[in-house]
Amino acid sequence: MFLSNRDIVDLIDFRQELHRHPEVSGQEEHTAKRVVEALRPLAPSRIITGLGGHGVAAVFEGAAPGPTLLFRAELDALPIEEKSTSAYRSTVPGKGHLCGHDGHSTILTALALGLSRQPPKRGRVVLLFQPAEEDGSGAAAVLDDPRFAEIKPDFAFSLHNLPGMPLGHVALKSGPVNCASRGMKIGLSGKTAHASQPETGLSPMAAIASLMPSLTALSAGAPPDENFTLATVTHAWLGEQAFGIAPGDGEVWVTLRTLVDDRMAELCARAEALAADAASRHGLTIAISYHDIFLHCDNAPEAVLHLARALDDESIPHDEGDLPMRGSEDFGRLRAVAPSAMFFLGSGEKHPALHNPDYDFPDALIAIGARAFMRVIRNLLG
Ligand SMILES: [Zn+2]
Ligand SMILES: [Zn+2]
């Protein structure tokens, strides 16, 4: 084990400090600063800041040439009020580290500590602290940043903690592990009227009321079925909050999910057809837009082999678990640049679920995640 008990105490302090100061997607300015402060004394060969927004990358060069291994964690928290009595609970009203990204960032900081004492013999290690994972924009922004060329990896790895699985057990497999998803906004417009004379206007009420169940009915099957589709109505509004106005506008928000990217276009087309039909039946104009676009995560077999070997070497139990999971993860973008794979690290069978208000990253996972990744580094780079 490359971390001492003292290291682990310090790392837990660091994790809990990040936890106290959550920042949401795209606003991770102080979190990024705090990460850089922790990295600087560990003297990486280079620290790149402002990557794709508030992203940070620390590069540890080996003495001899060799492959580049990238490890990714996330910086962002969620716009959810934390419900906790812990001493290190969120100090920011309405925001909380309720997905464990504070823990994932701490695991990469533990790697930096290990690499500062024993750099890789060859190649290089890139520790990427990525912004804006939760809204699906961060990985794409990092890849689009011209400075990403300086850290382009030969392999990319990541992990996510996962409640519902025994603490410290790993789920890992090749192929799709996270679904593709995107948010669809359907705007419907008619004409407002006085509430006493609704017949002089055109309300989208009936169209919206019919669309919500018809969109939901696009759902079918479950992973690992390749034809799995899920349409979840997440939000809707109609008119103004006023008793004197018959509504003239409204919106339905629906999140569309498929196991693989290839099936998403067809699901979008079916949802758009339902929306167009509802609009035309009621004489409304329609505006459709897409948001929070996640590609599916596809674990490359050669990257999975490296992870599986490291887990075996560290005696960390692993199997395929319940993969693929329905959730989405913007790490899926990394497969465009390198063979990539992520594993899921159990947070405990009875642990509150991700994004629950009482969720908290289990500190016991810091050492386990760090050991697994460090073993990948030593196996491949020495
Ligand atoms: Zn999350
Ligand atoms: Zn997450």
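Biologist: What volume does the largest cavity have?

Modeller: Heads-up, this is a predicted model: local features need pLDDT of at least 70, side-chain atom pairs count only at pLDDT 80 or more, and totals for chains, interfaces and linings use all residues. Residues count from 1 along each chain as written, chains are lettered from A and ligands numbered from 1 in written order, and side-chain values use heavy atoms, without hydrogens or water. A cavity is a set of points on a 1 Å grid over the protein atoms alone where a 1.4 Å probe fits but cannot get out; points join across faces, edges and corners, and the volume is the space filled by probe spheres set on them. The structure holds 1 cavity of 30 Å³ or more, and the largest has a volume of about 40 Å³.

Biologist: Which strands each supply at least two residues of its lining?

Modeller: Lining residues have an atom within 4 Å of a point, and among them are Cys297, Phe331 and Met342. Strands are DSSP runs (E, at least two residues), numbered from the N terminus. The two suppliers are β14 (297–299) and β16 (340–346).

Biologist: Is glutamate 329 buried or exposed?

Modeller: Glutamate 329 sits in the loop between β15 (318–319) and β16. The cut-offs for relative accessible area are under 20% for buried, over 50% for exposed, and partly exposed in between (1.4 Å probe, protein chains only). At 3%, glutamate 329 is therefore buried.

Biologist: What phi does aspartate 292 have?

Modeller: Most residues other than glycine have a negative phi. Aspartate 292, in strand β13 (residues 285–294), isn't a glycine, yet its phi is positive, about 50°.

Notes
On a 1 Å grid over the protein atoms alone, a cavity is a set of points where a 1.4 Å probe fits but cannot get out, and a pocket is an open set with protein on both sides within 12 Å along at least five of seven lines; lining residues have an atom within 4 Å of a point. Helices (H or I, at least four residues) and strands (E, at least two) are DSSP runs, numbered from the N terminus.
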